[in-house]
Amino acid sequence: MSRGEPMSDSAPFFSSDSEAEGPEDQGTATANQQPDEESPSGVSRGRALVIVFVLCYINLLNYMDRFTVAGVLPDIEHYFGISDTESGLLQTVFICSYMFLAPVFGYLGDRYNRKYIMSGGITFWSLVTLASSYTPEEHFWALLLTRGLVGVGEASYSTIAPTIIADLYVKGKRTNMLSIFYFAIPVGSGLGYIVGSQVSSRAKDWHWALRVTPGLGLIAVLLLLFVVKEPKRGAVEARPENRLHQTSWLADLRDLSKNRSFMLSTFGFTAVAFVTGSLALWAPTFLFRAAVFNGERAPCMEAHCESSDSLIFGAITCVTGVLGVASGVQVSRQLRKKTARADPLVCAAGLLLCAPFLYLAIMFAQASTVATYVFIFFGETFLSMNWAIVADILLYVVVPTRRSTAEALQIVVSHLLGDAGSPYLIGVISDSLRKNDSFLWQFRSLQFSMLLCAFVAVVGGAFFLGTAVYIERDRERAENYAPTDEPIVVPKSGRSTRVPVSSVLI
């Protein structure tokens, strides 16, 4: 479909274009527009900024809900009487549904009105999250089911939101806005631990921790419907000679599989997802068990467990996330002046520096709680350096009409091989290493299983180094992308035949 085709007013959801109509090609004249004038995207500068903040709020809310369960995991384990393997399933079932539905929403997001898709998904997510808070003690399977269904709503949002930002900004401004957007990931994650543990502590019931985000989710839906305006796809990157149009889903996948920068950065991000998923679910529980082993905490014998470790870890996650994302973007921006391969090199450095700090944090837990938190601080800071950069890499090595599909494919691969299985895998290894149910082996088995995170971080750094080899070529190919000529029908001996446009032009 052509980039300039207007959207149908009678059926806005089934239009593959934007709500705003306007001239197709604005050229470079938009650089001198007044602040209140609309850009080629069909959205004014002021409104574009508001849209970014709305998307950031929803992203923060998504991650806050995702990690609320991790903040009260000791309570959940005690309430249901489950093992580490079963605890790991709580994150795995969520990621699996999120992962398998991402391609569906990626396909829809490249073709239909994105804000309505997100609104429907977030409404569903809010209702299911609320329902999960009423799970009775004898039905752990119901909690697994509802946590799995939460992934439906998150898949509808995560695959689409970055592409809206990409259609509002280009180059340096796009990187800045993506940085703001991805600040919400560590901050939301940290708030999930903090709010979950503190609400549970005040109410003396972990169920109440799951009742905070649904109401905030409904506010997000209203903001999407009444504040967010769908931008024109690819219009801010207008190249008059290269009119963008849709290609088939199989053609999109075929092109993406040949894009080495996209594939290698996706595998690198898979390592990030593996480590993040493992730490997100197990770090507070690991710290709690270390404190019990050291005699600093009482064992979880009552209906409510001590939650200070979740509170501290959540605060560290918030701070390190902001520092990591900001420092990653700034280092990348400075390094770009010297090399076009700056982005993947910064991502590689972040993971390779993260690995030794994670190892030290895990091994020092038995000796010094303070040292453990210090090493976690540095490890998470380096781990967070690549969030905005990886998103930016995808957006500039993939053409606009394939970005939602690329986001979905990256989500599938990174979660399938990353955090879909890592929490469960850590739990299985922990249970297999545990020789008895003493406090010593509850701590030791989880400690040894979490060492896998440091190894995976090194592997991820290697993938980003591979990305640096191909990044310049793939970026140039995306910027100069010219779609294949559309065939037209030409009569030949009483019959029609399909030939390329270029073969009949004089």
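Modeller: Start with α1 and α8: α1 passes α8 in a right-handed crossing. Right-handed means the near helix is turned clockwise from the far one by less than a right angle, and left-handed means anticlockwise. Helices here are DSSP runs of H or I with at least four residues, numbered from the N terminus.

Colleague: What should I know about the model itself?
Modeller: It is a predicted model, where local features need pLDDT of at least 70, side-chain atom pairs count only at pLDDT 80 or more, and totals for chains, interfaces and linings use all residues. Residues are numbered from 1 along each chain as its sequence is written, and side-chain values use heavy atoms, with hydrogens and water left out.

Colleague: Back to α1 and α8. At what angle do the axes cross?
Modeller: Roughly 30°, and the axes come within 7 Å. Axes are lines fitted to C-alpha atoms, for helices over the stretch in contact, with angles from 0 to 180 degrees between N-to-C directions. The two helices are therefore roughly parallel; that label is for angles under 35 degrees, and roughly antiparallel is for those over 145.

Colleague: Which residues make the contact?
Modeller: Among them are L49, F53 and Y63 of α1, and M177, F181 and V195 of α8. Contact means heavy atoms within 4.5 Å.

Colleague: Now α4 and α17. Where do they sit relative to each other?
Modeller: Their axes come within 7 Å and cross at roughly 175°. That makes α4 roughly antiparallel to α17. The contact includes G88 and L89 of α4, with Y424 and G427 of α17.

Colleague: How many salt bridges are there?
Modeller: The whole structure has 12 salt bridges. Each is a side-chain nitrogen of Lys or Arg within 4 Å of a carboxyl oxygen of Asp or Glu. One of them joins D252 and R402, at 2.9 Å, N to O.

Colleague: What about α10 and α16?
Modeller: Their axes come within 10 Å and cross at roughly 65°. The crossing is right-handed. D252 is among the contact residues of α10, and L409 is one of those from α16.

Colleague: Last topic, the surface. Which residues make the nonpolar patch?
Modeller: Y116, L222, L225 and F226 make a patch of about 400 Å². Helix α9 gives the most, with 3 residues. L222 is in that helix.

How values were computed: Patch = residues over 30% accessible without salt bridge, like charges linked within 9 Å, V, L, I, M, F, W, Y side chains within 5 Å. Areas by Shrake-Rupley, 256 points an atom, 1.4 Å probe, with all protein chains shown as cover. Parallel < 35°, antiparallel > 145°, perpendicular 65-115°, else oblique.
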